[in-house]
Amino acid sequence: MTAYLLKRLIIATLTLVLASIVVFAVMEILPGDPARLMLGMNANADQVELLRNQMGLNAPLVLRYLHWAGGLLSLDFGRSYTYSVPVIDLVRERIAVSLPLALIALALSTVIAIPVGVFSASRQGRAGDTLAMGAAQLGVAVPNFWFALMLIYLFAVWLHLVPAGGFPGWNAGIWPALKSLLLPAIALALPQAAILARVARSALIEVLNEDYIRTARAKGLPYRAVLWRHALRNAMIPVVTILGLQFAFLLAGTIIIENVFYLPGLGRLVFQAITQRDLIVVESIVMLLVAAVIVINLIVDFSYAIVDPRLRGRQ
């Protein structure tokens, strides 16, 4: 077990280092000069050069990378070129929107997917299974921004039940804030629920074909008890794995949804920073999201090894 955990930690660390190099390199080759964008296109060359020196943009690439990477280790993400405030302050402000949004979407995805997966597996090959999996296939195929637009039209424009966009802030109260996150969370959750339902169905069908399930049925246990108490519990290992991966995706993949609903989250901040060529903000937030994905995957690996002794034996 210790060897397995150590191996996963080493792989995660190397992945994080490689990701930091890739992110830094990609930001460097993007067109546009941050100093000229800040001063305007009419600024003379001397002013631009002076600002580049002040921002450290003229330093060698290796030194700039080491300085930036060292700051990340101490949670010093630098100072935004555009907002002139520490990047960590921007992250704290925006993650208060993105993190609850991802958690709500994950909860909705789970609540929708597990019953659908169980229903479909228990009716394998019948009309209910075909209908449920057809809906799941549709959910996988349709992009979440289309769901977002349809939800806005139905619940905000037509029924006037929730706001079409914006975020009042948590100071306005828990319910107004959650109300503004409801439609974005549903738009994020539907495609993920479709994926999770298909995984739950496949895992449950495999478990239902095991000998111990047939033995339980032969002893006279009701089918519902066998399905929910025995089969579903043993089918949850791949489902939990997918849930961990989905949370990482929901936390890192909200750029489109946050822009559709005009939410001041991390995704929208990254989008604005790219358009403004605020490299330090883009680099730092992307690395923060990459680190979150790696840590969540690491937690999933650890929990998987704890739950499934066969994995520890193979390692």
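Tyr262 counts as exposed, at 53% relative accessibility. By exposed I mean over 50% relative accessible area; buried is under 20%, and partly exposed is in between, with a 1.4 Å probe and protein chains only. Tyr262 sits in the loop between H11 and helix H12 (266–275). Its phi is positive, about 55 degrees, although Tyr262 is not a glycine.

Before going on, the ground rules. This is a predicted model: local features need pLDDT of at least 70, side-chain atom pairs count only at pLDDT 80 or more, and totals for chains, interfaces and linings use all residues. Residues are numbered from 1 along each chain as its sequence is written, and side-chain values use heavy atoms, with hydrogens and water left out.

His160 next. Phi of His160 is near 55 degrees, again a positive value in a residue other than glycine. His160 belongs to the loop between H7 and helix H8 (174–208). Buried or exposed? His160 is exposed, at 62% relative accessibility.

Now the nonpolar patch on the surface. Its members are Phe145, Trp146, Leu149, Met150, Ile255, Ile256 and Phe271. Together they have about 640 Å² of accessible area. Areas come from the Shrake-Rupley method with a 1.4 Å probe; for residues, only the protein chains shown count as cover. A patch takes residues with over 30% relative accessible area and no salt bridge; nonpolar side chains (Val, Leu, Ile, Met, Phe, Trp, Tyr) are joined within 5 Å, like charges within 9 Å. A salt bridge is a side-chain nitrogen of Lys or Arg within 4 Å of a carboxyl oxygen of Asp or Glu.

Which helix gives the most to the patch? H7 does, with four residues. Helix H7 (144–158) and helix H11 (255–260) each supply at least two. Trp146 is in helix H7. Trp146 is partly exposed, with a relative accessible area of 42%.

Finally, the whole chain. There are 14 helices and zero strands. These are DSSP runs, numbered from the N terminus: H or I of at least four residues for helices, E of at least two for strands. The C-alpha trace spans about 85 × 55 × 35 Å along its principal axes. Of the 315 residues, 42% are buried. The chain exposes about 17000 Å², and carbon and sulfur atoms supply 68% of that.

Contacts: heavy atoms within 4.5 Å. Among contacts with a separation of 6 or more, 71% join residues 24 or more positions apart.
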